[in-house]
Amino acid sequence: MREIIFTVKNNEQLAQNIFQITLEGDTSEIATPGQFVNIKLPDKYLRRPFSVCDWSENELTIIYKVVGSGTETMREFRGGEKISALTGLGNGYDLSATSQNPVLVGGGVGVPPLYGLAKKLLAKNITSSVILGFNRSEECFYVNEFQKLGLNVKITTLDGSAGIKGFVTDALTGDEYVYACGPLPMLKAVHEKVLDGQFSFESRMGCGFGACMGCSIRTKDGFKRICKDGPILKHSEILWSVE
C-alpha cells in the first residue's frame, strides 16, 4: 500500500449516473485485478474505496456511480486536478484457480474490475465469457469494451430493455466457474446457483487497510476483513447466515 498523487486525465460519463475517470501516476502497487484504491475527496473525512477497472504502468481507470455527495464531488473533477489515493489495497482474484472457460459475472458498478480481469486471463490464454446485469438499458456500460476483447457477452436487465429480461442468474446454467462482483443480493444468488468461484464483496470502510476492523464479516474460516483479507472470497468460505 502506498499513497500516490494522481493527475486527472479525463472524467467522462458512460451511462446514466455512471462515470469513468482516468488518472495518471504511479500504479506499481497494483498487482492483481480485483484490488481497489481509496481516494481522498474534498471536505470528506473518510476516503472512498473504488475498484480498479484497468491499469497500465502510468495510468489508472476507475468507473463510479454517482449515488451521494462524495461521488457527486468526484464527478466535478477536471483534467489536470490532483487526487490523493491509497493504492494496491486488498487481495485480488486468483487467476491460477480458474477453469479453462470461466464466466465473469458483474452487476452494475460490479462490472469494472471484471474488465481488467478479462484482460489478464486473456494474457494467460484463458478465454472467458461475460454476463453483465443492469436495471435498464440506460445503465448499460462497457459492453462494447468486453466485445472488443473478443469475448462472448450476455446482458440481462430487470425491465427487459436490453438483452435477457431478468437477473444474471437467468443466464447461468450452474455448472460454471465464476468470477463475480456486484451487490450482495446478486452475489448471494450466484453463490447459491454455482458450485465454485470467487466473489468480490463491497463494504463500508473506515481505513481501507485492515487497521480499524470496521468491515469484518464472519466466514466459515472465522472473521475476515473485506479490505485486507478480501475483497475477494472463495465460494467455499462464504457464509451468508449465522446459525
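Select T157 and K165: T157 stands opposite K165, which belongs to strand 11. Bear in mind as you look that this is a predicted model. Now widen the selection to strand 10, residues 152–157, along with strand 11; the two pair in the parallel sense, over 2 bridges.

In what order do its strands run? Read across and you get 11-10-9-8-12-13-16: 7 strands, an open sheet, mixed pairing. Go to the edges, where you'll find strand 11 (164–165) and strand 16 (232–234); each has a single partner strand, so one side of each has no neighbour in the sheet.

Time for the helices. Pick helix 2, residues 112–123, and you'll see that it lies across strand 8 (103–107) and strand 12 (177–181). Its direction is at about 165° to strand 8. Then select helix 4, residues 184–193, which packs on the sheet and touches strand 8, strand 12 and strand 13 (196–200). Against strand 12, the direction of helix 4 makes about 170°.

Now switch to side chains and look for charge pairs. How many salt bridges are there? The count comes to 11.

Start with R47 and E3, whose side chains meet in a salt bridge at 3.3 Å, N to O. R47 sits in the loop between strand 3 (36–39) and strand 4 (48–51), while E3 is in strand 1 (residues 2–15), so this pair ties together parts 44 residues apart in sequence. Is R47 buried or exposed? With 18% relative accessibility, R47 counts as buried. E3, on the other hand, is partly exposed at 45%.

Jump to E139 and R136 for another salt bridge, this one 2.4 Å from N to O. E139 is buried, with a relative accessible area of 11%, whereas R136 comes out as partly exposed at 32%.

Then pick R225 and D229. They form a salt bridge too, with the closest N and O atoms 3.3 Å apart.

For the last stop, select R2, D26 and E29 together. What links them? A network of salt bridges joins R2, D26 and E29.

Technical notes
Residues numbered from 1 in each chain as written. Predicted model: local features only at pLDDT ≥ 70, side-chain atom pairs only at ≥ 80, totals over all residues. Heavy atoms only, no water. Pairing = 2+ DSSP bridges. Helix = DSSP H or I, 4+ residues; strand = E, 2+ residues; numbered from the N terminus. Contact = heavy atoms within 4.5 Å. Axes fitted to C-alpha atoms, helices over the stretch in contact; angles between N-to-C directions. Salt bridge = Lys/Arg side-chain N within 4 Å of Asp/Glu carboxyl O. Buried < 20%, exposed > 50% of the residue type's maximum accessible area, 1.4 Å probe, protein only.
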